[in-house]
Amino acid sequence: KGVESQVRLLAMVGAADPDQLVRFTPRPAVRDRFHQVAGETLAHLGVNRTIFSFCPHCVLEDLDEFEGPARARPWLRLQWTISHFRSCDRHNVHLITTTPIRRRFEPFDFSETIDLYIDKLDRLADEAAAAAPSPFQAWLLRRLDGQRDQGFWLDQFPLYVGAQCCEALGVSARHHPKVETTSLSP
């Protein structure tokens, strides 16, 4: 849930940099229904709190790289929890959206959910739909990394405003004016 003291404790247990983990952990913002991450503000639906997406290629790499129980080796990337990311910029494939077990008042359990996919990862990686690199996602990553170009008009706005503007432009460029956005998949 982004409680700073808990994030710092987790960093200690996992031998991670606590300041970095706090910086890149989505936390509720002062404004109702907004989130803060990496010094940026994301709108209510900008951070997925009950689902996440993942790249099967990244998870396979984690399984090969790390030791321990299979379900504990993959790690959750920030991009997999931010709703504006729909593809893996490393492997150029669409992300797979999960449906974790829902527990009242609790965030999803990444390890528990990814464990459901471990036996299917090779097939999922083979079947993953190709996705060209996205300039929109590259811009999002730069913003989350603290980079702004004062000459670029989108960088004049809070991240959630720029992201929603880009998505609205994309929808209007690809669909008729009366499309119901709730009917669109990521």
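Among the residue classes used here, Ala, Val, Leu, Ile, Met, Phe, Trp, Tyr, Cys and Pro are nonpolar, Asp, Glu, Lys and Arg are charged, and the others, Gly among them, are polar. The structure is a predicted model, in which local features need pLDDT of at least 70 and side-chain atom pairs count only at pLDDT 80 or more, while totals for chains, interfaces and linings use all residues. Residues are numbered from 1 along each chain as its sequence is written, and side-chain values use heavy atoms, with hydrogens and water left out.

A cavity is a set of points, on a 1 Å grid over the protein atoms alone, where a 1.4 Å probe fits but cannot get out; a pocket is an open set with protein on both sides within 12 Å along at least five of seven lines, and lining residues have an atom within 4 Å of a point. Grid points are joined across faces, edges and corners, and a volume is the space filled by probe spheres set on the points. Across the whole structure, one cavity of 30 Å³ or more is found. The largest cavity has a volume of about 40 Å³, and its lining consists of Arg-49, Thr-50, Ile-101, Arg-102, Arg-103, Glu-106, Pro-107 and Phe-108. By class, that lining holds three nonpolar, one polar and four charged residues.

The second largest pocket contains about 1,300 Å³ of space. Its lining is made up of 30 residues, with Val-7, Leu-10, Leu-21, Thr-25 and Leu-76 nearest the centre. Two or more lining residues come from each of helix 1 (4-13) and helix 2 (18-23), where helices (H or I, at least four residues) and strands (E, at least two) are DSSP runs numbered from the N terminus. Helix 1 gives the largest share, five residues. The lining of this pocket comprises 18 nonpolar, seven polar and five charged residues.

Turning to the aromatic side chains, nine aromatic pairs are found in the whole structure. Rings of Phe, Tyr and Trp (its six-membered ring) pair if their centres lie within 6.5 Å, and planes under 30 degrees apart count as stacked, over 60 as edge-to-face and the rest as tilted. Phe-34 and Tyr-160 form an edge-to-face pair, 4.9 Å centre to centre with 70 degrees between the planes. Phe-34 lies in the loop between strand 1 (27-28) and strand 2 (35-37) and Tyr-160 in helix 7 (residues 159-174), so this pair ties together parts 126 residues apart in sequence. Phe-34 is buried at 16% relative accessible area, and Tyr-160 is buried at 14%; buried means under 20%, exposed over 50% and partly exposed in between (1.4 Å probe, protein chains only).

Phe-52 and Phe-108 form a tilted pair, 4.9 Å centre to centre with 40 degrees between the planes. Phe-52 is buried at 0% relative accessibility, and Phe-108 is buried at 17%. Both rings belong to an aromatic cluster formed by Phe-52, Phe-54, Trp-80, Phe-108, Phe-110 and Tyr-117. Phe-108 also lines the largest cavity.

Charged groups meet rings as well: a charge sits over a ring if NZ of Lys or CZ of Arg is within 6 Å of the ring centre and within 35 degrees of the ring normal. Lys-120 lies over the face of Tyr-117, 5.3 Å from the ring centre, and the charged end of Arg-77 sits over the ring of Trp-75, 3.7 Å from its centre.
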